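Hello,

Here is the structure for your files. My notes on it follow below.

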Amino acid sequence: MVHSKRVVVTGVGIICALGKNRYEVITDMKQNKTGIEKMTRFSTESFISQMGAEVKDYEKISLFSKEEQENYDLSAQYGIVAVKEALEDSGMYAAADEELRIGLAFGTCNGGINSLEQYGRLDNINPENYRSYPFFQQADHIAQYFKFKGPVSTINTACAASGNAIGYAYDLIKDGYSEVMVAGGADTMSLSVYAGFNTLQALNNQPCSPYNNKYGLSLGEGAAFIVMETLESAEKRGSKIYAEICGYGLSNDAYHETAPDPKGRGISWAVQMALENANVKKEHIGYINTHGTGTPANDPAELYGLRQLFGEDLFSEIPLSSSKAYFGHNLGAAASIEYVTTLLAMQEGLLPATLHFEKAREGCEDMNLIANEMRAITPKYFLCNNSAFGGHNCSIVSRNWNFQSGAEEESFADQEQRVVIAGMGMVSSSEYISGTLLERMEKSFVSSERTFSLKEYNRKLYTRRMNALTQFSIGAIDLALKDANAEICEENQYDFGLCYGTSRGSLQSAMKYLETVFNKGPEFASGIYFPDMVLNSTAGKVSKILGIKGYASSLSSGGNDGLLSILNGYQVVKNGIQTYCLAAAGDERSKLADAIDQAYGLDKSSYSSSEGSAALLLTNYDHAFNTEMKMYAEITGVGLSFNGDGEKEGFQQQLLYAVDQALMRSNLGTEELDFIFYNSAGCNFSDVETVIQQFSKEREIPVYCFNDRFGYAESFSSLSHLYLAADIIYHSQFHDAANEAAAAIEDINGIFKKKSLKQGMVISSSINGNNIAVVLSSVN
């Protein structure tokens, strides 16, 4: 066991239906007020409910310049408002400290959906509106507004997203990737989203009251963020501390696209993982803020899972509540809004209530529900739980800093695991590969026709109406598992995690859904395609088909998604959370994707647009060695940065910072690198090629980009380069075979002059200046 950094919350910011800052929100909560009222943003007369929790009296004119109002989707605007309050509350306003590296973990369910809805159609939209839609763009706009230079990531696990973001930020601080992280989420009231929930018959025609006999949810909107830093930093600054984040857990139900496992096994596993990660006994939990949406399926399933974990006697004693009756279900912002309001209540010595409660319905009896009025309790440890479409679950264990515990507590962590790549698979639009790519690299992977069919590849893995992105991704992951001779079964399905990267999800499915809303009318919204509006639907379907129930996350970055999935999976295995973690990424072409490409200038790329998926199976070295698994390469270091100021000079500085950090974490000097692979969008506005070429030339390191073969795919091109790098390192140990395989690849013959390649680096930069560098080493 080694001493571990402790992570605390030193600032909070919020905007929701109860108010535009933390003072307004907690004041209304203490008066048992609800922000759920009759909707005014758009007509709801044709729906089963007219209720919603809208932000009131929002005046963007007083908050943003005309240019910012035009460029920032409402989701980003809400995010900026909440982040600004959180930074000011913490005494750490980013713009005032040029040396401080602050990162952002942003959770969202619907991204910039309002930017598309403004036109009521999908064609002939202003390019800026297309540009403001992608989920990652909201995070990047927030990071650019505050000139953040630390890691910036978007978590897209739907209604668990902002809780997932808090957990992700926790890991980045614990492992030294950032000094300070701002974490939370934002989502806005949307006609197309409201229409989708109406189609699912999930809405309540009265203000919601989870666990009550009158069921149904009320949609809300808003944003909430927390400032997270190490305890050492907070104490040095003399900061006010709200809470200590002790650990978190993620899981996937692997059950259904929109409904939870009725036995609550997914949320139960997430809570168990969180408690183990936090080293906190379940008997010490003094409050649970539940997900509790108010729907007939969610409420009893979550309670059943908690009862199974805690035991009937202990569970019946723990105070719990769902706070959605105050401000509605805020989707991607739900977890962070519920977390922040729990912290605000605890500052007053209170716990949030479930308003409008009359009588428990079947499956929701015999619990210690805080009903209708806040309760004066000061728990030491508390849980915040959230669940989502796609089966994703999140649980966070925190320590209430107001609780006087006496003796100083210490935090310990298990010895870090070495992380190796044990299996690899790839699917393009027209073919698939398990294992080595070397012999295939002689020609392009790009095809003008989509001929890959999961149904033909393996009928058992295919389901009706499965979109192309899901087919690509299931195929790639299955191929990686086969390459590693690893099989997922009922006995080991919790041993496997999945970290999935996608910038845009299935835009083909999103387009089909939005066309039903815009062309037929919102009351005729498609219940078939609505679940695919959330980007994590792909990861959820993969988990369901393949039976993956462990750690589950889905991320976006606008260019580095594949390498971010590697970072996420690397952390999970390194810290002993999972024995195996699949890191995968995928893209799918469509008319809407083409329109977004044009808005970003990606249609001017020197590389062809491509689609498909790549997947790598990660495990720890000891397990791979003991079970005689193939080990392609070891991941030894990762570096992250963001060019928050948007300047060309700043981009070079930030990209090289990520490179330096990856080398430092690998305990390597630049001269020890045998090669560098880089992922480039191939556009004039991208300086990554210039910077990397100059960097490698000065140090005489061979450098290559293979997007002339792979094509440029926003999410998985970076992962394809890592795949090839691992392949080359592995096969260079068998020099003759490697030379023979590489004979047709003029580009890379040069690096095989060495008898054995020991270390290589893969670098990727997004169109908005998000940077990541990963070092791979041969396995000793």
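How many of the 16 residues of H25 are buried? The count is 15, so H25 is largely enclosed by the rest of the structure. Buried here means under 20% relative accessible area, exposed means over 50%, and partly exposed is in between (1.4 Å probe, protein chains only). Helices (H or I, at least four residues) and strands (E, at least two) are DSSP runs, numbered from the N terminus.

Before the rest, two notes on the source. This is a predicted model, in which local features need pLDDT of at least 70 and side-chain atom pairs count only at pLDDT 80 or more, while totals for chains, interfaces and linings use all residues. Residues are numbered from 1 along each chain as its sequence is written, and side-chain values use heavy atoms, with hydrogens and water left out.

Helices

H25 covers residues 717-732 and reaches 23 Å from its first C-alpha to its last, close to the 22 Å expected at 1.5 Å a residue. The expected span is 1.5 Å times one less than the number of residues in the helix. H16 (residues 468-483) has 16 residues and reaches 22 Å, close to the expected 22 Å. H16 is mostly covered, with 15 of its 16 residues buried. After H16 comes Asn485, which has a positive phi, near 55°.

Pocket and cavities

A cavity is a set of points, on a 1 Å grid over the protein atoms alone, where a 1.4 Å probe fits but cannot get out; a pocket is an open set with protein on both sides within 12 Å along at least five of seven lines; lining residues have an atom within 4 Å of a point. Grid points are joined across faces, edges and corners, and a volume is the space filled by probe spheres set on the points.

The second largest pocket has a volume of about 520 Å³. It is lined by 25 residues, and Arg41, Lys60, Leu74, Asn114 and Gln118 are the closest to its centre. Helices H2 (66-71), H3 (74-90), H4 (113-117) and H5 (127-132) each supply at least two residues of that lining.

There are 9 cavities of 30 Å³ or more. The largest cavity holds about 160 Å³ of space. Its lining has 18 residues, with Arg504, Asp587, Arg589, Asp597 and Glu714 nearest its centre. Strand E20 (580-587) and helix H20 (591-600) are the elements that give two or more residues to this lining.

Two single residues

Ser132 is in helix H5 and is buried, with a relative accessible area of 2%. Its side chain reaches the backbone oxygen of Asn71 at 2.8 Å. A polar atom of the Ser132 side chain also lies 2.9 Å from the backbone oxygen of Glu128.

Thr378 sits in the loop between strand E12 (368-369) and strand E13 (381-387). Thr378 is partly exposed, at 39% relative accessible area. Beyond its neighbours within four places in sequence, Thr378 is in contact (heavy atoms within 4.5 Å) with Gly349, Asn400, Asn402 and Phe403.

Regards

Definitions and conventions: A polar contact is a pair of N or O atoms within 3.5 Å; within protein, one must be able to donate a hydrogen and the other to accept it, and residues adjacent in sequence count only if both atoms are side-chain atoms.
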